[in-house]
Amino acid sequence: QDPGPRGLARSGADDDGPDLWRRLSGLPEHEQRSMLLTLVRGHIAAVLGYAGAEAIEADRPFQDLGFDSLTAVELRNQLNAATGLHLPTTLAFDHPSPIELTEYLRTRFGPSETADADSVLADLDRLEAGLSKLSSDTDAHTWAMQRLRELLSNGNGTPAPDDRELDSATDDELFDLVDRGLGQS
């Protein structure tokens with residue numbers, strides 16, 4: 001079983017864009033599905049000699065589209081090249097419609113640690129911007145500080161700092177605290 005995509009080859013469907021994995025990793029699941037479905041339908045159309053991806057109905061079984069063993073292997077080979085994955089020869093039979101095949105491919109593109117770290121860091125940047133807008137004498141500030149303490153104490157066994165520590169902490173100290181709480185240091 002292939003461990004998953006890392007450093008995937010670029011998709012023939014978009015020669016000007018970055019690699020497929022990078023494009024997928026920054027998208028929500030529904031957009032990942034849409035992008036992959038377009039890719040799958042495009043390759044099906046190419047294998048079967050259709051004018052374009054629009055001619056391929058997403059839920060129509062491959063068998064009804066005219067697939068046989070040779071076209072199934074050709075589709076698998078094209079998707080191998082486009083995704084960088086090593087897909088099984090029985091791909092079109094195991095996932096017998098474009099929509100089912102798309103979902104299978106999407107599950108093969110699990111989250112990368114780099115994408116997750118980038119996402120967490122972006123969230124921390126938004127948190128910092130939001131916290132700087134809160135007045136320290138509001139209920140919202142009190143609630144935000146409580147949530148920070150809860151987040152910092154979850155998962156790593158480190159006790160959360162008390163209010164005095166958080167109230168007097170600089171932005172750098174807060175982010176260092178969050179990094180330690182998330183196991184980043």
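## A charged pair within helix α6

Being three residues apart in helix α6, Arg106 and Glu103 are separated by about one helical turn. In this predicted model, the two side chains form a salt bridge in which the closest N and O atoms are 3.5 Å apart.

Arg106 counts as buried because its relative accessibility is 13%, with the limit for burial set at under 20%, whereas Glu103, at 27% relative accessibility, counts as partly exposed.

## Links from helix α6 to helix α2

Both residues of that pair also have a partner in helix α2. Arg106 forms a salt bridge with Glu29, the closest N and O atoms being 3.6 Å apart. Since Arg106 belongs to helix α6 and Glu29 to helix α2, this pair ties together parts of the protein that are 77 residues apart in sequence. Glu29 is partly exposed, its relative accessible area being 45%.

Glu103, for its part, meets the side chain of Arg33 in a salt bridge with an N to O distance of 2.6 Å. Here too the residues come from two helices, Glu103 from α6 and Arg33 from α2, so the pair ties together parts that are 70 residues apart in sequence. Arg33 has a relative accessible area of 30% and is therefore partly exposed. Taken together, Glu29, Arg33, Glu103 and Arg106 are linked in a network of salt bridges, and a search of the whole structure finds four salt bridges.

## Packing of helix α2 against helix α4

Helix α2, covering residues 29-48, also packs against helix α4, covering residues 69-83, and their axes lie 10 Å apart at an angle of about 135°. The crossing in which α2 passes α4 is right-handed.

On the α2 side, the contact is made by Leu39, Val40, His43, Ile44, Ala46, Val47 and Leu48, and on the α4 side by Thr71, Glu74, Leu75, Gln78, Leu79, Ala82 and Thr83. By residue class, this contact divides into nine nonpolar residues, four polar residues and one charged residue.

## The protein as a whole

These helices belong to a protein with 10 helices and zero strands, which, read along the sequence, follows the pattern α-α-α-α-α-α-α-α-α-α. Of its 185 residues, 35% count as buried. Among contacts between residues at least 6 apart in sequence, 54% join residues at least 24 apart; the pairing of Arg106 with Glu29, whose parts are 77 residues apart in sequence, is one example of a link between separate helices.

Note on methods:
Residues numbered from 1 in each chain as written. Predicted model: local features only at pLDDT ≥ 70, side-chain atom pairs only at ≥ 80, totals over all residues. Heavy atoms only, no water. Axes fitted to C-alpha atoms, helices over the stretch in contact; angles between N-to-C directions. Helix = DSSP H or I, 4+ residues; strand = E, 2+ residues; numbered from the N terminus. Left-handed = near helix turned anticlockwise from the far one by under 90°. Contact = heavy atoms within 4.5 Å. Nonpolar A, V, L, I, M, F, W, Y, C, P; charged D, E, K, R; others polar. Buried < 20%, exposed > 50% of the residue type's maximum accessible area, 1.4 Å probe, protein only.
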